[in-house]
Amino acid sequence: MTRVAIIGAGLMGEDHASIIARDLPGATLQVVCDMDMGRAKAVASAFGAKDASTDPEAVIARSDVDAVIVASPDFTHAPLSRVCITAGKPVLCEKPLSQSSAECLEVMQSEQATGRQFVMLGFMRRYDQSYVEMRAALTDGSLGRALMMHNFHRNVETPAADFTGAMAITNSAPHEFDIVRHVLKTEFTSVTAQQPRRSDDRVAPVVMVLETRDGQLVTIEVNNNAAYGYDVRAELVGEAGSVAMNTVAYTRTERKLASSTRYDADWRGRYHEAYVRQNRDFLRFVETGTFPAIASSSWDGYAAAMVAEAGARALASGQRQTINMMEQPAFYAGVRGVAA
Ligand SMILES: NC(=O)c1ccc[n+]([C@@H]2O[C@H](COP(=O)([O-])OP(=O)(O)OC[C@H]3O[C@@H](n4cnc5c(N)ncnc54)[C@H](O)[C@@H]3O)[C@@H](O)[C@H]2O)c1
């Protein structure tokens with residue numbers, strides 16, 4: 001039985017605790033850690049954890065903890081991942097690894113120094129069936145060569161009143177950057193970013209156009225004040241056809257001369273199955289030591305941070321920005337690129 005500790009018991013930490021307790025028979029929830037002891041105890045008791053704590057480093061060091069899930073705020077991800085690497089404990093770290101590509105490089109260096117991978121990143125869309133099928137349509141050749149991918153990320157409203165366009169790029173868009181790299185199996189080379197004008201003072205959508213190494217064009221709309229619901233859409237266009245994501249809804253209501261399906265208020269329902277699949281893969285990684293074929297690594301965290309940094313520069317300057325990624329270290333090549 002793999003004994004898991006969760007650090008950060010907010011929305012995501014609670015979700016991870018629920019998945020460990022209810023969906024992963026091979027794992028047990030050992031400790032829930034949050035800087036707010038009340039929160040740690042509440043989640044520990046709701047999901048039957050053995051213990052609660054407020055000290056992340058002490059939790060990682062515990063001899064009765066085999067693996068760690070980090071779901072505390074963004075700025076804690078890289079430092080806590082490095083503590084896990086030093087302790088020799090596999091970690092499922094929520095996205096982003098860091099908003100700084102330099103800090104991602106430090107995590108990669110710590111990991112490479114140990115000679116094995118420890119960090120799996122929570123870019124769970126790789127496990128969502130819609131994207132799995134898009135990727136398969138490219139791998140099996142039925143779509144021909146990929147030309148474009150269009151992506152829409154819409155939230156009901158911004159999480160904080162002081163949310164900015166730059167934050168839409170560094171906080172929301174990394175999911176899009178990662179999934180496009182994964183589906184197209186390529187890297188981005190440039191980005192432009194613009195915003196239309198809203199009639200109020202809420203943050204306007206950010207629209208990015210990116211080019212890839214293989215000459216594909218990618219559009220990404222991040223609209224954090226879409227008002228109507230949580231809505232993620234994507235379409236992959238190839239030379240022989242296209243694959244588009246359907247709105248995921250289990251029912252449709254017909255009433256008053258109209259037909260409707262409902263939207264969720266946030267991401268948790270839409271991606272529940274993807275989180276479960278991701279966490280199962282993490283558990284297999286802990287048990288076998290083999291990094292999962294489709295999971296996101298520290299390298300992918302670095303790549304997302306590089307694109308986000310260039311995107312924020314593009315928005316601030318109004319100019320197209322080149323993305324100068326380093327070559328992927330052989331250490332992270334592994335089974336990547338193999339169809340999964
Ligand atoms: N994969 C996804 O789809 C997804 C979705 C939402 C959020 N996230 C990521 O998950 C992380 C958490 O997001 P959230 O929405 O759950 O936030 P949240 O604010 O609901 O929860 C964060 C929790 O961490 C605790 N905390 C803060 N600093 C801490 C520290 N140093 N040590 C231990 N606990 C600490 C807080 O008390 C809080 O309970 C963020 O990094 C976010 O980017 C990922």
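**Colleague's note on the fold**

1. The chain has 12 helices and 15 strands (DSSP runs numbered from the N terminus: helices are H or I of at least four residues, strands E of at least two). This is a predicted model, where local features need pLDDT of at least 70 and side-chain atom pairs count only at pLDDT 80 or more, while totals for chains, interfaces and linings use all residues. Residues are numbered from 1 along each chain as its sequence is written.

2. On overall size, the C-alpha trace spans about 55 × 50 × 40 Å along its principal axes. Of the 340 residues, 44% count as buried (20 or more other C-beta atoms within 10 Å of the residue's own, with C-beta atoms placed from the backbone).

3. Strand β1 (residues 2-7) runs parallel to β2 over 6 bridges, with T2 opposite A27 in β2 (strands pair if DSSP finds at least two bridges between them). β2 is also parallel to β3 (residues 51-53), through 3 bridges, and here V31 faces D51.

4. Helix α1 (residues 11-23) sits between β1 and β2 in a right-handed β-α-β unit; β2, helix α2 (residues 37-46) and β3 make a right-handed one too (clockwise from the first strand over the helix to the second, with the strands pointing away from the viewer). β2 itself (residues 27-33) is mostly covered, with 6 of its 7 residues buried.

5. Have a look at α7 (residues 165-172) as well: 6 of its 8 residues are buried, so the rest of the structure largely encloses this helix. The buried ones are M167, A168, I169, T170, N171 and S172.

Conventions:
A residue is buried if 20 or more other C-beta atoms lie within 10 Å of its own, exposed if 12 or fewer, and partly exposed in between; C-beta atoms are placed from the backbone.
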